[in-house]
Amino acid sequence: MDDSSYGLLTFTASTRAAFHQRLRENPANRRISKNDKDIVVEWLTNPYKRPSSQKEFSRRNYILKTFTWDEKTQTLLAVRKAKGENDRIVVTEDAIADVVDSVHQSNNHGGWDATWKDINRSYHGILRSDVIYLLKQCQVCALNPSKRPKGSAVIERSLPPIQREFLDPLRYPESVKTDSMGDPGSLTCSCKSTSGF
Ligand SMILES: [Zn+2]
């Protein structure tokens, strides 16, 4: 039985392990650890908690402005920054891979930009570089080249040297020579017209 794509995981266990190591080695303020979340929720839900220092006072003010606790769903949300946006669900570091996995599956293995947009619209605490790191390891996308995000190599190839030469002949003298190597007549011709200016 062919099981090459059946039951394929978006991210393998080793991808997840490598990702968690990356989180430990590259900490970022925008990510939220479980401990950070506990502190935020404590400030939002405990009316008896009082700041004991100026630093804590500032931190509490920042938290009250930035986050809100949804009692009904028991969810920590980051308050929307502009009209038309939604409050976004706070994702702790341990859940980033799960959220990226689920969003990436629900948009049918969309590319980097589509998946990042969907994540950034609804979730807080995930970096764009985290999304790209994980999507590069997606097993399903790896099997389907048409779903692979377009890399810089593809973009370069889509604009052949001959076109760059037309865009700006003076800036690409090398490409003029290389491209015309098979045709000495046109080499002479283009050199003369260029030096004529
Ligand atoms: Zn994928």
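The chain has 11 helices and four strands, in a model that is predicted. Of its 197 residues, 15% count as buried. Among the contacts with a separation of 6 or more, 52% join residues 24 or more positions apart.

**Exercise 1. Describe how helix α4 packs against helix α6, giving the angle, the handedness and the residues that meet.**

Solution. 
Step 1. Locate the helices: α4 covers residues 96-106 and α6 covers residues 128-135.
Step 2. Take the geometry of the pair. The two axes come within 10 Å and cross at roughly 70°. Angles of 65 to 115 degrees count as roughly perpendicular, and α4 is therefore roughly perpendicular to α6.
Step 3. Assign the hand: the crossing of α4 and α6 is right-handed.
Step 4. List the residues. From α4 come I96, A97, V100 and H104, and these meet D130, V131, L134 and L135 of α6.
Step 5. Classify them: six residues of this contact are nonpolar, one is polar and one is charged.

**Exercise 2. Carry out the analysis for helix α5 and α6.**

Solution. 
Step 1. Helix α5 spans residues 112-122, and its axis lies 10 Å from that of α6.
Step 2. The packing angle is about 135°.
Step 3. α5 passes α6 in a right-handed crossing.
Step 4. The contact brings W112, T115, W116 and I119 of α5 to R128, V131, I132 and L135 of α6.
Step 5. By type, these residues comprise six nonpolar, one polar and one charged.

**Exercise 3. Determine whether G125 is buried or exposed, and find what surrounds G125.**

Solution. 
Step 1. G125 lies in the loop between β4 (123-124) and α6.
Step 2. Count the neighbours. Burial requires 20 or more other C-beta atoms within 10 Å; G125 has 24 and is therefore buried.
Step 3. V91 is 34 residues away along the chain, yet the two C-alpha atoms are 5.4 Å apart.
Step 4. Not counting residues up to four places away in sequence, G125 touches R30, R31, I32, V90, V91 and T92.

**Exercise 4. State where Q74 and N108 lie, and classify the exposure of each.**

Solution. 
Step 1. Consider the backbone. Q74 is not a glycine, yet its phi is positive, near 55°. N108, also not a glycine, has a positive phi of about 60°.
Step 2. Place each residue. Q74 is in the loop between β1 (67-70) and β2 (75-78), and N108 is in the loop between α4 and α5.
Step 3. Apply the cut-off for exposure, 12 or fewer C-beta atoms within 10 Å. Q74 has 8 such neighbours and so counts as exposed; N108 has 9 and also counts as exposed.

Conventions: Residues are numbered from 1 along each chain as its sequence is written. This is a predicted model: local features need pLDDT of at least 70, side-chain atom pairs count only at pLDDT 80 or more; totals for chains, interfaces and linings use all residues. Axes are lines fitted to C-alpha atoms, for helices over the stretch in contact, and angles run from 0 to 180 degrees between N-to-C directions. Helices (H or I, at least four residues) and strands (E, at least two) are DSSP runs, numbered from the N terminus. Angles under 35 degrees count as roughly parallel, over 145 as roughly antiparallel, 65 to 115 as roughly perpendicular and the rest as oblique. A crossing is left-handed if the near helix is turned anticlockwise from the far one by less than a right angle, and right-handed if clockwise. Two residues are in contact if their C-beta atoms, placed from the backbone, lie within 7 Å. Ala, Val, Leu, Ile, Met, Phe, Trp, Tyr, Cys and Pro count as nonpolar, Asp, Glu, Lys and Arg as charged, and the others, Gly among them, as polar.
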